[in-house]
Each structure stands twice: as C-alpha cells, then as structure tokens.
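Me: I am new to this structure and would like to learn how to read it. Please take the features one at a time.

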Number of protein chains: 2
Amino acid sequence: MKRIAVDMDGVLADVYSQFIAYHEKDSGIRLEIDKLDGLAEFEAFPHGSRHANTRGFFRTVPLVPGSRDILKRLNEKYEVFVVSAAMEFPTSLDDKREWLNEHFPFISWRQIVFCGSKEIVKAEIMIDDHLKNLDKFEGDTFLFSQPHNRRLQTSHRRVDSWEEIAELLLL
Amino acid sequence: MKRIAVDMDGVLADVYSQFIAYHEKDSGIRLEIDKLDGLAEFEAFPHGSRHANTRGFFRTVPLVPGSRDILKRLNEKYEVFVVSAAMEFPTSLDDKREWLNEHFPFISWRQIVFCGSKEIVKAEIMIDDHLKNLDKFEGDTFLFSQPHNRRLQTSHRRVDSWEEIAELLLL
C-alpha cells in the first residue's frame with residue numbers, strides 16, 4: 001500500500017477564502033481571488049501572518065471542494081498521512097486537530113503529522129501547494145494549484161482540483 | 001550531516017517523575033520507581049491515561065537529566081528533529097510546544113514533529129524508549145532505558161543515560 005502525504009493548507013483547507021474573509025472583516029475591502037495570481041500569500045494578504053496566528057483562523061477555514069470525499073476514497077486505497085507545517089503558526093495546533101476531527105473523522109490520530117520542515121517525511125507520494133516542500137521530496141509529487149503558485153513553471157505534476165487527483169490516483 | 005529523530009516522553013521529558021507526582025497528588029501514595037520495572041506505563045499508573053490527558057501535565061514535566069546540554073551539542077553536529085507521538089494525547093500539543101520552547105530554545109519550530117505513528121519519519125538515527133517506534137525504523141536505533149522497557153530483550157542498542165548517548169554520538 002503506497003503512502004501519500006497530503007498537505008492541509010491550500011490542499012484540504014481553503015485558506016484563501018479564509019484570508020479574504022479576515023481581510024474584509026479588518027478593512028472592509030473584499031479582495032478578488034483572480035487578482036492574486038503570482039503573489040506570495042503574505043504579499044496578497046499583508047495582514048495574513050497576524051490572521052494566521054489568531055486562534056480560530058484554522059478552526060473555521062472552509063474545505064477545498066471535493067477534498068473530503070476524495071480523501072476518504074484515497075484512504076481506502078493508500079496509507080494516507082495528513083502532514084501540515086503547523087509549527088509555523090504556534091496557536092494553530094489545537095485548531096487544526098479539531099478541524100481535522102470534524103471534517104475528516106476517518107483520519108485517525110495516527111495519520112496526522114504537524115511539523116515544521118517536511119524534509120523528514122517518508123512517503124511515496126506528496127500532494128502540496130508549496131514547491132519548497134515538493135522540491136526536496138524524493139517520491140511522486142503533485143502541485144496543488146493555488147494563486148501563489150499558478151504562474152510558476154515547475155516539473156511537478158500540477159493538479160487544479162481534487163477531481164483531478166481522483167482521476168490520477170483512484171483509477 | 002546525519003539526521004537524528006529524538007523522542008520526547010521518556011527521552012527528553014521525565015514522564016515517570018510526573019506520573020508519580022500526579023499519582024501521589026490523587027491517591028496520597030508515592031510509588032517507588034524501582035518497583036515499576038517490567039510494567040507497561042498504564043499498568044504502572046492506572047490513572048496515567050487520565051493524567052496524560054490533563055492540560056498542564058506535559059507543560060510541567062521535569063527534564064531527563066543531561067538531555068538539554070547533550071541535545072544542544074548534538075544539534076551542532078547532527079540535523080536534530082524532536083519527534084513526539086503527541087497526537088495520542090490531544091490536549092498535549094500546546095503544552096509540549098511551550099515546554100520545548102522553554103527548555104530547548106535552540107530547537108526551532110522547523111525541527112519539531114508531532115505525529116501519531118512514527119513510521120513516516122525519515123532519518124538516519126532514532127532515539128526512543130518504545131520498541132514499537134524503533135522496530136519499524138530502518139536506520140540506527142537507540143533504546144532509551146525506562147522502567148517499562150528495562151526487562152525487554154532487544155536487538156536495539158540500549159542506552160541508560162544522556163551521558164551514554166554523548167559517548168556514542170559525540171566522539
């Protein structure tokens with residue numbers, strides 16, 4: 001059974017929608033996601049670091065469409081680990097664990113990894129939206145499209161949706 | 001630079017002293033550590049699971065003697081990751097992160113891993129007090145002696161103290 005390491009933010013968790021909502025609450029201005037292509041996350045969201053370090057931010061983040069159903073099916077065919085670089089946001093640990101328990105109850109505590117650097121992850125497949133994580137990974141890599149990576153040229157297999165992941169990994 | 005995965009509970013954190021203290025606070029009875037050899041942790045401490053799931057338990061746990069100074073020196077010679085199966089105790093995440101920050105400030109957030117199963121850890125060396133973690137690890141293994149493992153026959157290199165780790169890994 002092949003092991004897949006699946007990222008949370010930008011893959012399972014729709015952090016862009018959450019950053020846009022927090023930005024609007026703060027400033028009254030609603031940013032349009034289509035205009036954020038090519039900007040790093042903290043360029044797109046100047047207060048993003050403060051928001052991501054606010055308790056509750058990761059607890060109420062919406063799901064990326066399709067992630068729950070397709071991860072459930074992957075979980076039957078692969079050894080799935082959900083791997084999040086959560087240590088970067090010290091207040092996020094409880095929020096992220098509770099969020100996973102709520103939305104992905106089929107992922108047991110044994111399958112969750114909160115880390116800093118993902119270099120320590122041993123798996124055959126990695127799905128992530130950040131090149132820094134995929135570039136150092138030795139197995140098969142899937143770059144999940146998000147505005148911050150959309151203009152990047154990359155040798156990783158780009159996927160635009162969970163449906164595309166299903167087509168590639170669930171045949 | 002070789003990578004070492006260092007366990008927290010029973011290696012950096014002296015959980016036996018903490019279990020004994022919590023047991024005494026609960027029952028008025030002070031257990032003698034010398035009489036706990038060969039008992040699994042939750043046999044030795046019947047209320048251990050409740051105590052370990054109490055907020056504060058892992059925040060105030062004492063250090064295993066020598067762990068701070070020798071880990072600091074290992075951190076200069078190796079790529080150190082502190083890897084804890086913290087997901088087993090859902091309330092422990094914040095406590096463990098704060099405890100590490102206090103006692104091991106030279107360990108950055110990039111070097112911390114909270115997981116369930118340690119099968120996902122990629123490293124050359126693992127120091128742990130549980131056979132279940134060492135048995136599935138492919139690199140060099142060091143079994144840190146604790147009462148629960150003291151009577152077990154094992155092919156892993158047994159170490160009784162941090163001074164012994166220093167002799168083996170810092171020459």
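Reply: Start with a charge over a ring: NZ of Lys or CZ of Arg is within 6 Å of the ring centre and within 35 degrees of the ring normal. In chain B, the charged end of Lys25(B) sits over the ring of Tyr22(B), 4.2 Å from its centre. In chain A, Lys25(A) has its charged end over the ring of Tyr22(A), 4.2 Å from the ring centre. The model is predicted, with local features needing pLDDT of at least 70 and side-chain atom pairs pLDDT 80 or more, while totals for chains, interfaces and linings use all residues. Residues are numbered from 1 along each chain as its sequence is written, chains are lettered from A in the order in which they are written, and side-chain values use heavy atoms, without hydrogens and water.

Me: How many aromatic pairs does the structure hold over all chains?

Reply: Rings of Phe, Tyr and Trp (its six-membered ring) pair if their centres lie within 6.5 Å; planes under 30 degrees apart are stacked, over 60 edge-to-face, and the rest tilted. The structure holds 20 such pairs over all chains. One of them is Phe19(A) with Phe45(A), stacked at 4.9 Å centre to centre and 20° between the planes.

Me: Which parts of chain A does the pair of Phe19(A) and Phe45(A) tie together?

Reply: Helices (H or I, at least four residues) and strands (E, at least two) are DSSP runs, numbered from the N terminus. Phe19(A) lies in helix H1 (residues 15-27) and Phe45(A) in the loop between helix H2 (41-44) and helix H3 (48-52), so the pair joins parts 26 residues apart in sequence.

Me: Why is the pair of Tyr22(A) and Phe57(A) edge-to-face?

Reply: The ring centres of Tyr22(A) and Phe57(A) are 4.9 Å apart and the planes are at 65°, so the pair counts as edge-to-face. Tyr22(A) is in helix H1 and Phe57(A) in the loop between H3 and helix H4 (67-77), 35 residues apart.

Me: Is Phe57(A) buried or exposed?

Reply: Buried means under 20% relative accessible area, exposed over 50%, and partly exposed in between (1.4 Å probe, protein chains only). Phe57(A) has 0% relative accessibility and therefore counts as buried. Tyr22(A), at 13%, also counts as buried.

Me: How many salt bridges does the rule find across the interface of chain A and chain B?

Reply: A salt bridge is a side-chain nitrogen of Lys or Arg within 4 Å of a carboxyl oxygen of Asp or Glu. Across this interface the rule finds 4. The side chains of Glu119(A) and Arg3(B) meet in a salt bridge at 3.8 Å, N to O.
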